[in-house]
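Trainee: I would like to learn how to read sheets and helices in a model of this kind. Could we go through them together, beginning with a sheet?

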Amino acid sequence: MRSSSLSLSLCGLTLLLAGCGQPPEPKFSLNAKTAALTPAAQQLISEALVENFGTPNNLVAWQELPIDYGKGSPTAAEAHRQADGWRLKEGRDLYMVHCLHCHGVAGDGNGTTARFLNPRPRDYRQGKYKFKSTAGGNRPTHDDLMRILEEGIAGTYMPSFALLGKDQLGLLVDYVRWLSMRGEIEEGLAIELAQVGLKTADLERTVREQRTEDKSVTLDTVRDELLAEVKASWPDTVAEKAKDVVDFWNEANNAENLVMPVAKRVVADAESIARGRALYLSKENKCSDCHGPAGRGDGPQTEQFSAIDGASPARNYDEPGLRDAWGNIIMPRNLTRGVYRFGRRPLDIYRRVHQGINGTPMPGFGKTLKDEQIWDIVNYVLSIPYQDGTAPAPEGVAGGETVPETASR
Amino acid sequence: MSLNSKRFWRAAAMMGCSSLCLAGTAALILTPPRAAEAQGPHPVQIAVATQAVAPALAEATVGFADGAKLTGSVSFSDDFKALAPLVAKGGSTKDPAVCGASEEIPNEELVVNPENKGIANVFVFLPKAPTGYKAPKADKELIFDQKNCKFLPHSLCIQVGQTVKVLSDDGVPHNTHTFPLRNAGFNQTVSPNDRKGVELKYSKAEKLPIEVKCDFHTWMKAYHLILDHPFMAVSDANGKFEIEGLPAGKHEFTVWHEKKGYLDKKLAVEVKAGESKSVDLKYGAKQFATFEGPQPKSTVVSLTK
């Protein structure tokens, strides 16, 4: 007791005197998928990551990634900007101050504040972003991420950081992209090794199965055989994963992936809104299955049981509800509130309806509806907060059919 | 394009002080990552891998005309009791007027033909195109349909760049939500009874089959295998499959099924030009068993230590 309080005050003293205490060294946490692997396989991944990305206190700027790390300039006023890599370092420093407590050191969305929040802070390590101008599962553009940081995400705990100014936000965006790429490479490698059979649980099962026939089989022999195979092509495997990730982030800037309406917005008059409502409730689109007939986010789909991704044998979650890509329950937006997470411009809502929301079950309607129809829906969505939610469904539209049905498995 | 030939440059950024709160004051010291590579303050150049590329086969040897053929059957070697349906007839909680209205929606996690024990939906494929082989463009359009709130087919082989038309024969909207690893995800609705279809394409090969789901009907699931060559097949309702146009020589096929994962990682087969070769694959209950009981108390780690 006594010695610990003594060391605490000593520590405080050193902080005061030297400005440099001894807090625990920040670490990039392991992805749960990596942690599920046998230790020797974990080590392979950890080594690859340390080699190419370093540790939080000792960053490595991997030039293969499409990130501007900051070229040093000998004439820079700040000493540290004279050396290469200063943008990454400054980005890290800002991230540690402003984002860490929600998004975590590794960008795993698991900072100390995270468990109190719903929705949870984004886990960047899958490269899955919800709010962007690009199609489908494509990565966000630099500008998309800038906008998130400038505006925050309305209706969630993600604040605006506009006060930091554009320069600093640019540094943060690149640090987030860097963490994302690091995470994607780790996750890709972990999935690959799991598929080979190097998950601790799978190894144990293989050993049990094989031992019924051959008593000389042990965990060591099975693991070493699998590992030898993996190690033979490991540098290639890492390089391939990196290439995939680089391609993904380069594709974000491909003009073909930008979602832009072809037709101009339809005037938001009463007719357009009525057409939009009919489309919203219609049995062709059934927005109401998720968002509810009145847009309260309480459609019958919220009472269905969702399947657990990749579970074998296939099974459902115990609790009903839609699930996002991270396995959390996700409620369809309550559209009566008029709070939109990525902007309230008609173009923003157009993009959400056209492409759906990546990482969530909300599908896109861009392949089945014409632009004019999507604009009608946009006009209706933007009018919902001012609508009488109890109005009967328009004639000829089976809006009443989507009554909540009893949930069952 | 391979990364092997590219050069990787890197610089290590070092932080003098480990304190988080004081991070802003830390200096960036550029250090080469390894002592052995210390050559001053410049980025260190490293080549990641120097693997010789195997010599390309002469293009002429890979024609489809006198290519070899692999046929085969996959069968279940034990007694099989059909799995309970996912949705009983008339028992759907979602869109009951359409889903499972006329017939039950079967559980396709493991489908065994009661007559000949053939296992359906087993993927057989070459993990990589034979060295030097250049795949012809796949211009045949594939159909991925939906009926009775079920994907048809349940398992589909697709070549990179090939057009898949997603159709629907149901009077309710569906959405096709893919979960690829190397391609960008796709999640688009398909209108009721859309016989024109929504176009779906993949731009990169995947290592293993990927899941496809529908969020309107949470039980709906299918698998897509996307490769950059045509040497893949999926077993039909009788457990039969066929791969044509193979270059002559030794091949190692992957045999994969959604319930078990790998059934065979390296199924070695030698084929001769212009000839057909047949393989009979048998897998039993043991191979498909998934462990659900309590974990055993011990596992033998090593016999020597």
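Trainee: What is the strand order of the open sheet of five strands in chain B?

Mentor: Strands of a sheet pair through backbone hydrogen bonds, in either a parallel or an antiparallel sense. In this predicted model, the open sheet in chain B runs in the order 8-14-13-10-11, and its pairing is mixed. Strand 8 (155–159) and strand 11 (187–190) of chain B stand at the edges with a single partner strand each, so one side of each has no neighbour in the sheet. From one strand to the next, the twist averages 25 degrees.

Trainee: In which sense do strand 10 and strand 11 of chain B pair, and over how many bridges?

Mentor: Strand 10 of chain B, residues 174–179, pairs with strand 11 of chain B in the antiparallel sense, over four bridges. At the level of residues, B:His177 has B:Asn187, in strand 11 of chain B, as its bridge partner.

Trainee: Turning to chain A, how many helices and how many strands are there?

Mentor: Chain A has 14 helices and two strands. Of its 409 residues, 54% are buried, and among the contacts in chain A with a separation of 6 or more, 60% are between residues 24 or more positions apart. Chain A exposes about 18,800 Å², of which carbon and sulfur atoms supply 56%.

Trainee: Which residues of helix 3 of chain A are buried?

Mentor: Burial here is a matter of relative accessible area, with under 20% as the cut-off. In helix 3 of chain A, the buried residues are A:Ala41, A:Gln42, A:Leu44, A:Ile45, A:Ala48, A:Leu49, A:Asn52 and A:Phe53. They lie on the same side of helix 3 of chain A, because they cover an arc of only 155 degrees around the axis. Their cover includes helix 2 (32–35), strand 1 (54–55), strand 2 (58–62), helix 7 (165–196), helix 9 (219–232) and helix 10 (234–251) of chain A.

Trainee: How does the length of helix 3 of chain A compare with what is expected, and what follows this helix?

Mentor: With 15 residues (39–53), helix 3 of chain A reaches 20 Å from its first C-alpha to its last, close to the 21 Å expected at 1.5 Å a residue. Helix 3 of chain A is followed by A:Gly54, whose phi is positive, near 75 degrees.

Trainee: How many of the 18 residues of helix 10 of chain A are buried?

Mentor: In helix 10 of chain A, 13 of the 18 residues are buried, so this helix is largely enclosed by the rest of the structure. The end C-alpha atoms of helix 10 of chain A are 26 Å apart, which agrees with the 26 Å that its 18 residues should span at 1.5 Å a residue.

Conventions
Residues are numbered from 1 along each chain as its sequence is written. Chains are lettered from A and ligands numbered from 1 in the order in which they are written. This is a predicted model: local features need pLDDT of at least 70, side-chain atom pairs count only at pLDDT 80 or more; totals for chains, interfaces and linings use all residues. Side-chain values use heavy atoms; hydrogens and water are left out. The expected span of a helix is 1.5 Å times one less than its number of residues. Buried means under 20% relative accessible area, exposed over 50%, partly exposed in between (1.4 Å probe, protein chains only). The arc is that of the directions from the helix axis to the C-beta atoms. Contact means heavy atoms within 4.5 Å. Two strands pair if DSSP finds at least two bridges between them. Axes are lines fitted to C-alpha atoms, for helices over the stretch in contact, and angles run from 0 to 180 degrees between N-to-C directions. Accessible areas come from the Shrake-Rupley method with a 1.4 Å probe; for residues, only the protein chains shown count as cover.
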